[in-house]
Amino acid sequence: EIFVNPPSRVQRYFDEERIEGKPVTAHMVSTGFVVYDGDSVLSEIREQAARDLANGPEVSDEGLIAQRYRAATLLEDGLDIVDDDPAGAAMLMSAAVEMLVRAQYLAAGHWLPRDKEVVARLHEVDAVLAGHVHAFYTVASAPEKASAARAIFQHAIGEVGFFEWEST
């Protein structure tokens, strides 16, 4: 893949990706092959990419709390309908678990891995959480999923359902 962008745009990518927690551009720039660098600007950009990768994401505490709150709301909605609509409940609980897991990576200062590695690498962040998440995704019934989801949220944020938080 060829990547051609002005330095100012690359810097904006870096800034956005530090906040989002997914360093796609930084990884590409730091590990890619340089075809042409006429004025040595690329070496500075590559150094910045390497620093960003080493430093980790820059997600605000408020952003993490908001992400956990959204995940808890999804879980609560799923638990509300687990008896009446098991498929809908499973969908909501899965979305809640995914959102919370991603928040836990960021809270631990880890970049988000590629989607196909999120579950497999979770033990690097929190082995207990990884066990709960594995259980959640491998049980079949909606009541078992609900129980596993509760365990995930209780472990990760100490709450299931509504929790109080303050924001600016």
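Trainee: Which residue does arginine 121 meet in a salt bridge?
Mentor: A salt bridge is a side-chain nitrogen of Lys or Arg within 4 Å of a carboxyl oxygen of Asp or Glu. The N to O distance for this pair is 3.3 Å. The side chain that meets arginine 121 is that of glutamate 124.

Trainee: On what kind of model do these values rest?
Mentor: Residues are numbered from 1 along each chain as its sequence is written, and side-chain values use heavy atoms, with hydrogens and water left out. Local features need pLDDT of at least 70, side-chain atom pairs count only at pLDDT 80 or more, and totals for chains, interfaces and linings use all residues, since this is a predicted model.

Trainee: What parts does the salt bridge between arginine 18 and glutamate 58 tie together?
Mentor: The side chains of arginine 18 and glutamate 58 meet at 3.4 Å, N to O. Arginine 18 lies in helix H1 (residues 7-20) and glutamate 58 in the loop between helix H3 (41-55) and helix H4 (61-80), so the pair ties together parts that are 40 residues apart in sequence.

Trainee: Which residues are linked with arginine 18 in a network of salt bridges?
Mentor: Arginine 18 is buried, with a relative accessible area of 11%. The side chain of arginine 18 also makes a polar contact (a pair of N or O atoms within 3.5 Å; within protein, one must be able to donate a hydrogen and the other to accept it, and residues adjacent in sequence count only if both atoms are side-chain atoms) with the side chain of aspartate 52, at 2.7 Å. The network links Arg18 with Asp15, Asp52 and Glu58.

Trainee: By about how many helical turns are glutamate 98 and arginine 102 separated?
Mentor: These two residues form a salt bridge, the closest N and O atoms being 3.1 Å apart. Glutamate 98 counts as partly exposed at 38% relative accessibility, whereas arginine 102 counts as buried at 15%. Because they are four residues apart in helix H5, their separation is about one helical turn.

Trainee: Which residues does valine 101 touch, not counting residues up to four places away in sequence?
Mentor: Valine 101 has its place in helix H5 (residues 86-107), and this residue is buried, with a relative accessible area of 4%. With contact meaning heavy atoms within 4.5 Å, valine 101 touches Val118, Leu122 and Val133.

Trainee: What span should helix H7 have?
Mentor: The expected span of a helix is 1.5 Å times one less than its number of residues. Helix H7 (residues 142-157) has 16 residues, and its end C-alpha atoms are 22 Å apart.

Trainee: What covers the buried residues of H7?
Mentor: The buried residues of H7 include Lys145, Ile152 and Phe153. What covers the buried residues of H7 includes H4, H5 and helix H6 (127-138).

Trainee: Where is serine 40 found?
Mentor: Phi of serine 40 is near 65°, a positive value in a residue other than glycine. At 42% relative accessibility, serine 40 counts as partly exposed. Serine 40 is found in the loop between H2 and H3.

Terms used: Helices (H or I, at least four residues) and strands (E, at least two) are DSSP runs, numbered from the N terminus. Buried means under 20% relative accessible area, exposed over 50%, partly exposed in between (1.4 Å probe, protein chains only).
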